[in-house]
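Please keep the model open while reading these notes.

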Amino acid sequence: MRLDKYVSQCSGLSRKSVKQVLHQRRIAVDGEPVRNAGLILCGEETVTLDGHPLALPRARYLMLHKPAGVVCATEDSSQRTVLDLLPSTLATGQQIVGRLDKDTTGLLLLTDDGQWNHRITSPRRACAKVYQVTTADPIEPSAIDAFHDGIVLKDDPKPTQPATLVIEGSHQASITLVEGRYHQVKRMFAALGNRVTALHRASIGSIRLDPELPEGQFRSLTEDEINCV
Ligand code: URA
């Protein structure tokens, strides 16, 4: 990484301010003052600013209890986004790990670690997501086999991968999906002539929505949660 980029990422200084501190010879690499902003670091060096060693901030991994009414986008000109629920210092650089519809509630993961995001969302990994569903009409027992066998969605000829449906009440069920197509749960129920009236994501892989986390609130993931994917 270039020295100026590294100093900027470690210190939070703008590239312009980094240029100034370099010019003032306040940056040292392995004890030697350096003014070359384009110096390429191999990652082994000790870089200091005014004698204080710099280190890259750790990647951030967050769990958000998404409320209904906010969109899963990093920016939107007219609607509130999930990033608006975070302090601006935390929101910077965050990626959404598997989107939810505006009216869907529940577990949303956010990170600035692109590789971790990819590990969870890559179709090849088939990471299981569990949703709690409420429907407008009673859920027929035949839906269990239909979900297991795969459903052809409107405008999508490839049947869905086997999904596990557990009926929990006349209008309630939990569904486990290993893929993430656009509006998938709603479209699967629509294909069976039913309509989803409420949808809530309970877990992604072995990360469960913290029952202590109120809607609209977030917390950092634990080491175990980060490492379980
Ligand atoms: N399936 C949907 O239909 N909506 C979501 O938000 C998530 C899965």
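1. The side chain of N194 has a polar atom 2.9 Å from the backbone oxygen of D137. That is a polar contact, meaning a pair of N or O atoms within 3.5 Å; within protein, one must be able to donate a hydrogen and the other to accept it, and residues adjacent in sequence count only if both atoms are side-chain atoms. N194 sits in the loop between helix 6 and strand 11. With a relative accessible area of 11%, N194 is buried (under 20% is buried, over 50% exposed and in between partly exposed, with a 1.4 Å probe and protein chains only).

2. A word on the source. This is a predicted model, in which local features need pLDDT of at least 70 and side-chain atom pairs count only at pLDDT 80 or more, while totals for chains, interfaces and linings use all residues. Residues are numbered from 1 along each chain as its sequence is written, and side-chain values use heavy atoms, with hydrogens and water left out.

3. Which residues surround the ligand? They are L100, D101, T104, Y131, H183, Q184, V185, K186 and L199, where near means that a heavy atom of the residue lies within 4 Å. A polar side-chain atom of T104 is 2.9 Å from an oxygen atom of the ligand. Backbone atoms take part as well: a polar one of K186 lies 3.1 Å from a ligand oxygen, and a polar one of Q184 lies 3.4 Å from a ligand oxygen.

4. H183 belongs to the loop between strand 10 (172-177) and helix 6. Helices (H or I, at least four residues) and strands (E, at least two) are DSSP runs, numbered from the N terminus. The phi of H183 is near 50°, a positive value in a residue other than glycine. H183 counts as partly exposed because its relative accessibility is 28%. D30 also has a positive phi, near 50°, and is not glycine; D30 is in the loop between strand 1 (27-29) and strand 2 (32-33).

5. The largest pocket has a volume of about 560 Å³. A pocket is an open set of points on a 1 Å grid over the protein atoms alone, where a 1.4 Å probe fits, with protein on both sides within 12 Å along at least five of seven lines; lining residues have an atom within 4 Å of a point. Here the lining has 27 residues, and G98, R99, Y131, G180 and R181 lie nearest the centre. Helix 4 (114-121), strand 8 (129-135), helix 6 (184-191) and strand 11 (196-204) each supply at least two lining residues, and strand 11 gives the most, with three.

6. How large is the second largest pocket? Its volume is about 350 Å³. There are 13 residues in the lining, with Q9, P57, R60, T92 and D112 nearest the centre. Helix 1 (3-11) and helix 3 (88-91) each supply at least two of the lining residues.

7. The domain assignment, automatic or from a database, gives domain 1 (3-53) and domain 2 (61-220). Their centres, taken over C-alpha atoms, are 42 Å apart. The lining of the second largest pocket draws at least three residues from each of these domains.

Notes
Grid points are joined across faces, edges and corners, and a volume is the space filled by probe spheres set on the points.
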